[in-house]
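Please keep the sequence and the model in view while reading.

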Amino acid sequence: MTTFFAILFYTAVAVLVAGLGMKIAQYARVPAPLKIPTTPAPLTRSGAAMRVGREVALFESLFKANKPLWIFAMAFHLGLALVVLRHLRYFQDPVWWPVTLLQPFGIYGGLAMLAGLAALLVRRIVIARIAYISGPSDYAMLALLLAIGASGMMMKMVAHTDIIAVKMFFLGLMVFEFRPLPADPLLALHLFLVAALMLVFPFSKLLHAPGIFFSPTRNQADNPRDRRHLAPWAADLDRERT
Amino acid sequence: MADIEIPTLGDPDERAIPCLKPGAMAASKPYVAAPAHNQALGFPGELVPDWHDKAIGRMGELLGKYRSLQVFMDICVKCGACTDKCHYFLGTGDPKNMPVARQDLFRSVYRRYFTPAGKALGAIGLGKLVGAREFTKDVLDEWFNYFHQCSQCRRCSVFCPYGIDTAEVSMAARDIMDTIGHGHKYANEILGKVHKIGNNLGLPGPALIDNLEGLEEDLKDETGLDIRMPVDDAGADILLVTPSADFFAEPHVLGLMGYAKVFHAAGTSWTISTKATEAANFALFIGSYEQMQKVAMRIREAALELGVKRIVFGECGHAWRVAYSFLNTLIGPMDFLDPRYPKPQHILEFTWDLIKRGGIRLDKSGNDGMVLTFHDSCNVARASRMGDFAGGQFVIPREVIKACVPKFVDMNPDTTHEKTFCCGGGGGLLTDELMDLRIKGAAPRMEALADVTKREGVTHMASICAICKAQFTKVLPVYGFDRETVVSVHQLVSNAIVLGNND
């Protein structure tokens with residue numbers, strides 16, 4: 001089991017990093033030929049960066065669109081962020097002090113994440129409009145995240161696992177040493193699902209995480225009369241013309 | 001029109017989200033372009049035999065040229081924030097008019113041919129698991145119908161947490177359909193007229209000059225003054241580029257007379273060019289950069305030929321988007337123009353500047369008895385700007401209107417500013433065979449207008465877009481309003497401006 005999970009996590013990390021790297025490179029490479037910020041938009045590039053920052057941190061547009069959805073999405077994402085930060089302790093020795101500081105709140109993060117996910121799932125099933133636009137992969141993604149959260153919470157609340165050994169396993173992986181992983185079915189399920197999430201990340205709608213930084217309607221400054229904006233392929237057209 | 005079911009209007013504060021009516025608008029589609037219309041633009045005359053491969057090839061090209069398209073295809077999480085935002089969905093209840101569902105018509109094909117999961121699962125017939133579909137003739141038909149039920153108004157993009165803009169997707173879809181010879185008659189026929197004659201209406205130079213002389217006589221009768229409408233006047237300061245509807249249609253032409261009065265009162269020399277007798281640029285609607293550049297280039301040529309110092313655009317929504325957001329890209333740099341003025345400038349920026357400086361005088365009694373509201377046109381509101389501050393496109397038209405009329409009232413805030421609703425006829429859909437769609441799509445705007453009419457006694461709704469004006473003239477009567485309820489902003493200026501004694 002140790003070897004299986006060691007190989008699985010090396011593979012998952014490699015796929016995640018390479019896959020995301022290729023996608024980000026693609027988004028950066030493809031030009032945005034026209035200025036298309038959704039207006040009113042900030043007039044400066046720093047203002048546009050702030051706008052993207054607000055979208056990422058506060059879900060500004062979603063707040064305008066739908067308040068209940070905003071609450072569910074916030075609960076899930078903030079909860080997830082807290083849980084991920086808390087899990088950093090499995091990869092560090094000694095543990096960073098901010099991570100230690102967050103330790104007592106991790107449990108609430110886990111609960112918020114599960115509550116948010118459950119609400120998102122119910123909404124997807126109950127509201128006819130959302131059910132209409134939902135495909136198998138949309139439900140699968142929510143189920144995967146719910147299962148990860150639930151199995152993690154089970155280990156915290158119900159059936160504890162040997163977290164010292166888990167930590168040794170991951171610290172070992174980071175220096176290419178295989179150290180034994182506890183033979184605990186709940187842990188195995190949790191880790192397997194996390195690896196699955198990492199593997200599907202670059203091929204799924206989870207690309208919204210890097211993608212939002214490249215969204216032209218949000219990251220462009222509103223200054224087309226002052227600065228001429230020209231994509232490389234459009235510049236080639238210009239040269240052919242003259 | 002008798003058999004069209006007209007939506008009932010309620011309280012805009014409690015706008016009802018319709019129940020899903022799958023297939024409600026499945027039969028709605030514009031006419032397919034004839035070979036002559038397509039070929040005039042360099043597209044194949046009719047659907048080519050190898051359309052499938054050509055379409056996929058073109059999709060790949062566009063994905064490599066437009067970051068918006070590539071990113072938007074990948075990042076939608078199907079959260080549904082957009083599902084109740086489109087006027088065509090609100091008016092028809094057809095679920096494929098929900099922005100995300102409309103995008104998915106395109107995205108499903110993208111996933112099948114451009115993503116690892118879609119390619120792998122699609123090859124064994126399981127594409128459905130990841131939302132991937134074969135590009136069949138049925139799917140193409142669906143594209144033609146539903147990508148011509150999007151007015152590219154960008155309201156959905158305001159609310160999307162990632163800024164996904166369905167307009168970008170529908171433009172790409174129309175570009176692909178043109179590439180395989182399956183174009184949209186209304187848009188392509190009009191673009192052909194622009195290339196051949198110079199404007200959307202197909203109005204040749206001599207007819208235009210004759211018409212403008214008539215308008216000068218009307219102005220003389222009305223004011224007793226020699227207010228000119230100059231054409232091809234080399235050496236004039238300003239080139240006015242305005243939608244050709246301004247030369248003929250009502251209430252558009254009343255706005256044109258307003259521009260002439262403002263220029264006259266300001267003592268500015270200006271001209272219209274017979275080369276650029278059209279501000280509209282329908283190439284935007286079909287998503288063709290090359291066509292858009294070709295149409296825009298007439299403006300550069302006209303400006304250079306006439307040696308003008310400034311370019312001013314008349315009241316037109318999508319034209320202002322192309323002018324404000326794209327002109328510098330398409331035909332720039334415009335070094336030959338006077339750097340002290342915005343390049344280009346909107347007629348409302350020009351008029352507002354004069355009002356602020358006291359360069360023209362206005363007398364509100366010229367609009368006595370009128371209570372105005374303002375319809376923000378989508379392309380001005382969400383795709384461009386006026387003035388030197390964010391949101392100037394909302395402030396400046398309202399300030400000009402308030403300076404001209406005794407009373408101004410805004411409509412429900414969920415239907416104005418960046419949240420404004422499309423008139424129902426934008427994006428190249430202002431064609432009679434789509435009347436059912438146009439009437440239903442106008443419902444949210446009509447609801448908000450009916451509300452202020454009832455509560456505040458609004459008598460008129462001003463607009464700054466030729467398409468909005470034409471669309472409202474048609475659909476207002478359907479909803480029980482007078483067709484003359486819609487007015488040009490410069491029509492109000494025209495009524496209020498004090499001429500002849502400005503010393």
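**Confidence**

The model is predicted, and its scores are ipTM 0.97 and pTM 0.96. For chain B the mean pLDDT is 96, with 99% of residues at 70 or more. Where pLDDT is low, the predicted coordinates should not be read in detail.

**The contact between the chains**

Chain B contributes 57 residues to the contact and chain A contributes 53 residues. On the side of chain B that touches chain A, the elements giving two or more residues include helix H2 (51-65), helix H3 (67-75), helix H5 (99-114) and helix H13 (289-306) of chain B. Among the elements on this side, H3(B) gives the most, with six residues. By class, the residues on the side of chain B that touches chain A are 28 nonpolar, 17 polar and 12 charged.

**Annotated regions and a helix pair in chain A**

The unreviewed UniProt entry carries the annotation "transmembrane region" for several stretches of chain A, including residues 69-85 and 105-127. In the model, residues 69-85 of chain A are 100% helix and 0% strand, and the C-alpha atoms at the ends are 24 Å apart. Residues 105-127 of chain A are 91% helix and 0% strand, with 32 Å between the end C-alpha atoms.

Two packed helices are described by the angle between their axes and the distance between the axes. Helix H4 (residues 67-87) and helix H6 (residues 106-126), both of chain A, pack at an angle of about 145°, and their axes are 7 Å apart. The crossing of H4(A) and H6(A) is left-handed. Residues of H4(A) in this contact include Phe72(A), Phe76(A), Leu80(A), Val83(A) and Arg86(A), while those of H6(A) include Gly109(A), Met113(A), Gly116(A), Leu120(A) and Arg123(A). The contact of H4(A) with H6(A) comprises 14 nonpolar, five polar and two charged residues.

**Leu256 of chain B**

Leu256(B) belongs to helix H12 (residues 252-266) of chain B. Is Leu256(B) buried or exposed? Leu256(B) counts as buried because 28 other C-beta atoms lie within 10 Å, and the cut-off for a buried residue is 20 or more. Apart from its neighbours within four places in sequence, Leu256(B) is in contact with Thr242(B), Asp246(B), Phe247(B) and Gly314(B). Between Leu256(B) and Phe135(B) there are 121 residues in sequence and 47 Å in space, C-alpha to C-alpha.

**Backbone features**

Most residues other than glycine have a negative phi, and most peptide bonds are trans. The table lists departures from this pattern in the two chains.

| Site | Feature | Value |
|---|---|---|
| Thr39(A) to Pro40(A) | cis peptide bond | omega near 0° |
| Glu250(B) to Pro251(B) | cis peptide bond | omega about 10° |
| Phe176(A) | positive phi, not a glycine | phi about 55° |
| His417(B) | positive phi, not a glycine | phi about 50° |

Pro40(A) sits in the loop between helix H1 (2-29) and helix H2 (45-58) of chain A. Pro251(B) is in the loop between strand E1 (238-241) and H12 of chain B.

Phe176(A) is found in the loop between helix H9 (163-174) and helix H10 (185-200) of chain A. Phe176(A) is exposed, since 8 other C-beta atoms lie within 10 Å. His417(B) occupies the loop between strand E7 (407-408) and helix H18 (435-441) of chain B. With 19 other C-beta atoms within 10 Å, His417(B) is partly exposed.

Notes
Residues numbered from 1 in each chain as written. Chains lettered and ligands numbered in written order. Predicted model: local features only at pLDDT ≥ 70, side-chain atom pairs only at ≥ 80, totals over all residues. Axes fitted to C-alpha atoms, helices over the stretch in contact; angles between N-to-C directions. Helix = DSSP H or I, 4+ residues; strand = E, 2+ residues; numbered from the N terminus. Left-handed = near helix turned anticlockwise from the far one by under 90°. Contact = placed C-beta atoms within 7 Å. Nonpolar A, V, L, I, M, F, W, Y, C, P; charged D, E, K, R; others polar. Buried ≥ 20, exposed ≤ 12 C-beta atoms within 10 Å, placed from the backbone. pLDDT = per-residue confidence, 0-100. UniProt positions renumbered as here; feature names shortened; annotations may be inferred.
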